[in-house]
Amino acid sequence: MCLDIGDKRIGVAVSDPFNTYALPVETYHRQNLKKDLEKISAYFKEKSATAIVCGLPVNFDGTASIQTQKAQFFIDKLRETLDCEIFAVDERCSTCEAEEILIAQGKSRQERKQMVDSLAAVEILNGFLNQKNK
């Protein structure tokens, strides 16, 4: 399972059973830390996931930003909540790539807003799976 963690939304994606490609699940609209962790835990169990890949937003030069710290805080809380392997991976450009895909598909601004985070999670997970399967 993969998460694209933002301040307002969390994009969720899962891989196929053979870990070869990713599929979007949903864009979850954040409420508060407790409810967010409960929802992610529910997704984890519902999808029979074995690990979580979390996008870590870094600056273009690879340095940490405020968003990096916020995502890392959520990842740390997730580690306290779930007993599974959790990977934090560089997510640079994942949202831009997802946005470009949706624009190419002719999606409206409102449609893109609802889908971009789960599609960004797909981009992050596909990158992780490609690297793992090499």
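Against which element do the buried residues of α3 pack?

**Before you start**

This is a predicted model, in which local features need pLDDT of at least 70 and side-chain atom pairs count only at pLDDT 80 or more, while totals for chains, interfaces and linings use all residues. Residues are numbered from 1 along each chain as its sequence is written, and side-chain values use heavy atoms, with hydrogens and water left out.

Helices (H or I, at least four residues) and strands (E, at least two) are DSSP runs, numbered from the N terminus. Buried means under 20% relative accessible area, exposed over 50%, and partly exposed in between (1.4 Å probe, protein chains only).

**Stop 1: the nonpolar cores**

Select Met1, Leu3, Ile40, Ile52, Cys54, Phe74 and Leu78. Of the 21 residues in the largest nonpolar core, these touch the most other members. A nonpolar core here is a set of buried Ala, Val, Leu, Ile, Met, Phe, Trp, Tyr and Cys residues joined through side-chain atoms within 4.5 Å. Colour by element next: β1 (2-5), β2, α1, β4 and α2 (66-81) each supply at least two residues of this core. A second, separate core has 16 residues, including Val89, Ala98, Val116 and Val122. In soluble globular proteins, nonpolar side chains tend to be buried together.

Now centre on Phe74. Leaving aside residues up to four places away in sequence, Phe74 touches Leu3, Ile5, Ile10, Arg30, Leu33, Asp36, Leu37 and Ile40. Contact means heavy atoms within 4.5 Å.

**Stop 2: helix α2**

Show α2 on its own. The end C-alpha atoms of this 16-residue helix are 23 Å apart, which agrees with the 22 Å it should span at 1.5 Å a residue. The expected span is 1.5 Å times one less than the number of residues.

Select the buried residues of α2: Thr68, Ala71, Phe74, Ile75 and Leu78. Seen down the helix axis, they fall within an arc of 130°, so they line one face of α2. The arc is that of the directions from the helix axis to the C-beta atoms. Bring back the neighbours, and the buried residues of α2 are seen to pack against β1, β2, α1, β4 and β5. Turn to the other side of α2, where Ile66, Gln69 and Glu80 are exposed.

At the start of α2, look for a side-chain oxygen of Ser65, which reaches to within 3.3 Å of the backbone nitrogen of Gln67.

**Stop 3: helix α3**

Select Ser94, Ala98 and Leu102, which are buried in α3. They cover an arc of only 70° around the axis, which puts them on the same side of α3. The opening question is settled here: the buried residues of α3 pack against α4 (109-132). On the other side of α3, Glu100 and Ala104 are exposed. Just after α3, Gly106 takes a positive phi of about 80°.

**Stop 4: the cysteines**

How many disulfides are there? The count is 0, a disulfide being a pair of cysteine sulfur atoms within 2.5 Å. Select Cys2, which is buried with a relative accessible area of 0%. The closest cysteine sulfur to that of Cys2 is in Cys54, 7.1 Å away and too far for a bond. For Cys84, the closest cysteine sulfur is also in Cys54, at 8.6 Å, again too far for a bond.

Move to Cys93, in the loop between β5 (85-90) and α3 (94-104). Cys93 is partly exposed, with a relative accessible area of 33%. Asp61 is 32 residues from Cys93 along the chain, and their C-alpha atoms are separated by 12 Å.

**Stop 5**

Select Val25 in strand β3. Val25 counts as partly exposed, at 27% relative accessibility. Not counting residues up to four places away in sequence, Val25 touches Val12, Ala13, Val14, Tyr43 and Lys47. Draw a C-alpha to C-alpha distance from Val25 to Asn59: they are 34 residues apart in sequence and 27 Å apart in space.

Asn19 is not a glycine, yet its phi is positive, near 55°. This residue, Asn19, is partly exposed with a relative accessible area of 27%.

Finish at Ser48, in the loop between α1 (33-46) and β4 (51-56). Ser48 has a positive phi of about 55° although it is not a glycine, and Ser48 is exposed, with a relative accessible area of 60%.

How values were computed
Polar contact = N/O pair within 3.5 Å; in protein donor to acceptor, adjacent residues only side chain to side chain.
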